[in-house]
Amino acid sequence: MERYVSLFVFDRAVVNGAWELDKNRIVNRLYYVNEGYAKVHSASKEYELKKGYLYLFPQCSDLKTIESKNFDHTYFDFSSTYVIDNKAFIEIKVSDPLLINIINSLNLIVDKKNKYKETAYFLLEGLFDYIKKTHGVPLAKENFVSEAVRIIHKSPNEYNVKGLAEYLNVNEHHFIRTFKKTTGITPMNYIRSCRLSNALSSLKKGMSVREVSEECGYLSPSAFTTAFKREYGYLPKDVN
């Protein structure tokens with residue numbers, strides 16, 4: 001069965017103070033707060049993240065933490081073929097036994113996330129399905145944006161922005177404008193992010209930098225290396 005989520009990061013961290021997400025990473029973020037608290041700013045609003053709650057922030061390139069204290073949180077950074085309205089915010093008190101079981105399972109495997117990546121995918125989809133069914137997820141209204149995201153996830157190397165707009169039979173400028181308004185990111189940057197996510201997976205499988213750069217459509221390994229380092233902060237040769 002084809003997945004409808006792409007997982008970028010699954011981790012657990014304890015932090016203090018303020019921090020800001022990498023603006024080059026355009027992702028939805030799911031937080032579960034194990035201990036402590038944080039105040040965050042997203043979509044021109046402030047929120048307090050509390051112990052025992054689950055939070056969903058969509059396309060959260062503007063998500064930044066104003067302050068935090070002993071903020072112990074388990075989180076996913078992911079993209080989805082369900083395009084979530086970028087002004088949405090969902091807060092859920094974790095009291096349902098099913099949800100508690102999912103969270104406990106996540107915290108059991110987080111230290112061995114590379115070994116249990118398939119399990120992490122399964123649990124992420126379980127969380128997302130739970131939120132959709134019990135609290136609703138505000139989705140984008142433009143059908144062609146959802147279709148574009150589905151195509152980019154499935155074949156990020158197949159289309160550029162112009163080709164994708166032509167395939168969808170949408171004016172290119174209208175496509176770019178509506179895609180950015182809906183998701184908070186330009187289609188070009190979304191395609192790049194998905195290509196580099198696939199590249200990271202290929203490198204972890206043992207493919208060479210040259211092979212991956214050709215697979216992703218870069219003109220040279222050096223061009224690929226520059227783009228990869230800008231996205232992830234380290235060189236492709238350092239992937240293990």
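A: The mean positions of the 34 positive and 28 negative charges of the chain lie 2 Å apart. Lys and Arg count as positive and Asp and Glu as negative, with His and the chain ends not counted; a charge is placed at NZ of Lys, CZ of Arg, CG of Asp or CD of Glu.

Q: What kind of model is this, and what are the ground rules?
A: This is a predicted model, in which local features need pLDDT of at least 70 and side-chain atom pairs count only at pLDDT 80 or more, while totals for chains, interfaces and linings use all residues. Residues are numbered from 1 along each chain as its sequence is written, and side-chain values use heavy atoms, leaving out hydrogens and water.

Q: Why does the radius of gyration agree with a compact globule?
A: A compact globule of 240 residues would have a radius of gyration near 18 Å, and the chain has 18 Å, so the two agree. The radius is taken over C-alpha atoms, and the globule rule is 2.2 Å times the number of residues to the power 0.38. Along the principal axes, the C-alpha atoms fill a box of roughly 50 × 40 × 35 Å.

Q: How much of the chain is buried?
A: Of the 240 residues, 48% count as buried, meaning under 20% relative accessible area with a 1.4 Å probe, protein chains only.

Q: Changing topic, how many helices and strands are there?
A: The chain has 8 helices and 7 strands. These are DSSP runs numbered from the N terminus, with helices (H or I) of at least four residues and strands (E) of at least two.

Q: Which strands pair with β3?
A: Strand β3 (residues 28-42) pairs with β6 (residues 64-80) in the antiparallel sense over 12 bridges. Pairing requires at least two bridges found by DSSP between two strands. β3 also runs antiparallel to β5 (residues 53-57), with 4 bridges, and to β4 (residues 45-49), with 5 bridges.

How values were computed:
Buried means under 20% relative accessible area, exposed over 50%, partly exposed in between (1.4 Å probe, protein chains only).
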